[in-house]
Amino acid sequence: MRAIVTRLDSFGDVLLAGPAVRAVAARADHVTLLCGTRGAPAARLLPGVDEVLVWDAPWGGFEPPAVDRAGLDALTARIDADTGLILTSFHQSPLPTALVLRLAGVRRLAADSVDYPGSLLDVRHQRAPHAHEAEAALDLAEAAGFPRLDDGRLRVHEPPPVGGLTGPGPYVVLHPGASVPARAWSPDRAAEAVRELAAAGHRVLVTGGPGERDLTAHVAGEHGTDLGGRTEAPELSGVLAGADAVVTGNTAPAHLAAAVGTPVVSLFAPVVPAERWRPYGVPYVLLGDQDAPCADSRARQCPVPGHPCLNTVTATDVAAAVEKLVGETS
């Protein structure tokens, strides 16, 4: 059997699909993961994936591409699968993806769908109302005939050695950036947290992407080590795996930390529900006002002046959360 699993969202979303991918891989001879450009680096980290197809769907992403018939024809010509599992967030419809897979000749399709699917789905599953995204994906896989085969935690391939980046001795990672501004703690608060963690005796590494070098330099200051722009996905997984704890918002490194078994201090803006998107399968401390006016708004820019859901969190709160996690896991 040749299977295709689709998750067309971001890096973190693809990581959360990992346990379901492993369930499919246990029964399929070949597993293709269809994902967007932002999710592709995560797809290449997942055990059980034999092939990664990258395609940016016109119904997803922050800047969706125009509908392109030639591009769609090229994609469907590349898909070679008997069965498909369409993974989406709780607020997304799987039906556009199902149509693409049907056009590609995939005979059996399963997805969570509240909409009538017509002939597009063979297994129309209803997710549990409050399920975490990773659990929802596992439930769908089981309904499609791919029962879970392990503990269901997030996993990635073994990280590469990163001692040249981290240096010797224990450390804490602080990742100040986020995929959208509404989910980010303020840079000044993050810089305060670095200073407070350093004063408490922690060595602090500050991580970020190539476009976040100014941010990571500001946050690291004189008391942290700036790794901004120096870690691709595999290296970042290694840096996070070696940390005593990771401090980050609801963004990809939270899920990557969980995938390598590292506790997370989660600066969680409630624009999406924490019950669905919190760090999964590892010890964590959730910080941020989960009842703020922005709750469940799915806003990308904070709709409330002053960003109170996160800016009420202090550096002292973060340092105390780190101490709690380090004490629990030491």
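Residues are numbered from 1 along each chain as its sequence is written, and side-chain values use heavy atoms, with hydrogens and water left out. In this predicted model local features need pLDDT of at least 70, and side-chain atom pairs count only at pLDDT 80 or more, whereas totals for chains, interfaces and linings use all residues.

Helices are DSSP runs (H or I, at least four residues), numbered from the N terminus. Axes are lines fitted to C-alpha atoms, for helices over the stretch in contact, and angles run from 0 to 180 degrees between N-to-C directions. Helix 8 (residues 187-199) packs with helix 14 (residues 315-329) at an angle of about 50°, their axes being 8 Å apart. That makes helix 8 oblique to helix 14, where angles under 35 degrees count as roughly parallel, over 145 as roughly antiparallel, 65 to 115 as roughly perpendicular and the rest as oblique. In this pair, R189, E192, A193, E196 and L197 of helix 8 meet A315, T316, V318, A319 and V322 of helix 14, contact meaning heavy atoms within 4.5 Å. By class, this contact has six nonpolar, one polar and three charged residues; Ala, Val, Leu, Ile, Met, Phe, Trp, Tyr, Cys and Pro count as nonpolar, Asp, Glu, Lys and Arg as charged, and the others, Gly among them, as polar.

Helix 8 also packs with helix 9 (residues 213-220), the two axes coming within 7 Å and crossing at roughly 45°, and these helices are therefore oblique to each other. The contact joins P187, D188, A190, A191 and V194 of helix 8 to L215, H218, V219 and A220 of helix 9, and its residues divide into seven nonpolar, one polar and one charged.

The largest pocket holds about 1,300 Å³ of space. Of the 48 residues that line this pocket, S10, F11, R38, F62 and S179 are the closest to its centre. Helix 1 (11-16), helix 10 (233-241) and helix 11 (252-259) each supply at least two residues of the lining, and the largest share, four residues, comes from helix 11. The lining divides into 18 nonpolar, 22 polar and eight charged residues. On a 1 Å grid over the protein atoms alone, a pocket is an open set of points where a 1.4 Å probe fits, with protein on both sides within 12 Å along at least five of seven lines, and lining residues have an atom within 4 Å of a point. Grid points are joined across faces, edges and corners, and a volume is the space filled by probe spheres set on the points.
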